[in-house]
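Colleague: I have a model open and would like to go through it piece by piece. Can we start once it is on the screen?

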Amino acid sequence: MQHRAAASAPGEIRAPRRGRKRHGPREAGRNVFGYTLLAPQTLGMLVVGLVALGGVVQLSLTRVNVLAGTRDFVGLDNYARIFSDPDMAVVLSNTFFFVVVLSIGGTILALALALLLNQKIPGINIFRAAIFVPALVTTVAWTLVWGFILQPGGLLDGIVGLVGSGPLPWLRGEWLTLAVFAVIQLTKNVGINMMIFLAALQAVPQELLDAAHVDGAGRWTRFRHVILPQISSAIIMVFMLMVSGSFKVFELVLLLTNGGPGVQTSVLAFEIYRQAFRLNDIGYASALSVFLFVLVIALIGVIWQFRKRMVFHEAE
């Protein structure tokens, strides 16, 4: 037949067929041993997490009176209240502002710093350490330091005064306060993500870069077609970490503005705290917790589904 003859034409190079890699008994034994070591901790975390999640879901279906010690079943009323509460429009918009800015901005900033510091020059480790140090400081301590910088008549007002501008309302709500919060959070965690990217960049095979350079590729071309595919798995991992971490912005709001004025600087994590421990509305706070959990899982699930288009070799 014609197609069979074409397939057996002399001198033709046929691509090898892709198939599943067969693991030997030694490698299979190593996998079993590794899973055995991971099983106790993984099982414990799953059990504790499922029990806690089940308790929160149960509380979200009730109206709890802490003072009287009563609990009444209300069904989905607490969840319906989320979409009817006028304050939630502001809270959710602030929350998604941090998700977008911290995830996208944090990933780009960390990658830019890693590219800048991936140089073999004397003293480069000093700059790497300086950027990484804030990640070692607790969030509370980092926030308190920024509180002194941002207070009226503080360091930042002094710097602004040098250029002829008056004091700005850094912590009085609206977009400026949200932008300040984003800067504080980015500078706090960028060191960890920078180190992840730095390790990924140093793992890029040098022969690929040399081959691209010999072919006449410029810096942007080498970055776009050689470096980015090689570090794509690190990029997706950092982006997922930033997305999940951006939902947990809490200490900044609590220590600097307390969510005010009103709820202008509040976020979903702080709103859960406020409803539970200040207003004693445990049922509504539990419903907000479940809502936050579903949001995080949904976003991470969407990103995980797109990984085959974004990560090099992931589709194989």
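Colleague: Is N258 buried, partly exposed or exposed?

Modeller: N258 is partly exposed, with a relative accessible area of 37%. Keep in mind that this is a predicted model.

Colleague: Where is N258 found?

Modeller: N258 sits in the loop between helix 12 and helix 13. Its phi is positive, about 60 degrees, although N258 is not a glycine.

Colleague: What about the peptide bond from G260 to P261, cis or trans?

Modeller: The bond from G260 to P261 is cis, and omega is near -5 degrees. P261 belongs to the loop between helix 12, residues 251-257, and helix 13. N258 is found in the loop between those two helices as well.

Colleague: And N280, what is its phi near?

Modeller: For N280, phi is near 55 degrees, which is a positive value in a residue other than glycine. N280 is in the loop between helix 13 and helix 14. With a relative accessible area of 38%, N280 is partly exposed.

Colleague: Changing topic. How many salt bridges does a search of the whole structure find?

Modeller: Two salt bridges turn up in the whole structure. One joins the side chains of R81 and D281, at 2.5 Å from N to O. R81 lies in helix 3, residues 77-84, and D281 in the loop between helix 13 and helix 14, so this pair ties together parts that are 200 residues apart in sequence.

Colleague: Which side chains meet at 2.7 Å, N to O?

Modeller: Those of E271 and R274, in a salt bridge. E271 and R274 are three residues apart in helix 13, so about one helical turn separates them. E271 is buried, and its relative accessible area is 0%.

Colleague: Now the strands. In what sense do strand 1 and strand 2 pair, parallel or antiparallel?

Modeller: They pair in the antiparallel sense, over four bridges. T62 has F73 in strand 2 as its bridge partner.

Colleague: Which residues make up the covered face of strand 1?

Modeller: T62 and V64 are on the covered face of strand 1, while R63 and N65 are on the uncovered one.

Colleague: How many residues lie between the strands in that hairpin?

Modeller: The hairpin has four residues between strand 1 and strand 2. In this hairpin G69 takes a positive phi, near 70 degrees.

Colleague: Which residues lie nearest its centre?

Modeller: N118, Q119, Q206, L209 and I227 lie nearest the centre of the largest pocket. They are among the 16 residues that line it.

Colleague: What about the surface, which residues form a nonpolar patch there?

Modeller: L43, V47 and V51 form that patch, and together they have about 290 Å² of accessible area. L43 is in helix 2, which runs over residues 25-60.

Colleague: Is L43 itself buried or exposed?

Modeller: L43 is exposed, because its relative accessible area is 55% and exposed means over 50%.

Colleague: Last one. Where is the place of G301?

Modeller: G301 is in helix 14. At 31% relative accessible area, G301 is partly exposed.

Colleague: How far are the C-alpha atoms of G301 and M240 separated?

Modeller: The two C-alpha atoms are separated by 9.8 Å, while G301 and M240 are 61 residues apart along the chain.

Key
Residues numbered from 1 in each chain as written. Predicted model: local features only at pLDDT ≥ 70, side-chain atom pairs only at ≥ 80, totals over all residues. Heavy atoms only, no water. Patch = residues over 30% accessible without salt bridge, like charges linked within 9 Å, V, L, I, M, F, W, Y side chains within 5 Å. Areas by Shrake-Rupley, 256 points an atom, 1.4 Å probe, with all protein chains shown as cover. Salt bridge = Lys/Arg side-chain N within 4 Å of Asp/Glu carboxyl O. Buried < 20%, exposed > 50% of the residue type's maximum accessible area, 1.4 Å probe, protein only. Pairing = 2+ DSSP bridges. 1 Å grid on protein atoms, 1.4 Å probe; cavity = no way out; pocket = protein on both sides within 12 Å on 5 of 7 lines; lining within 4 Å.
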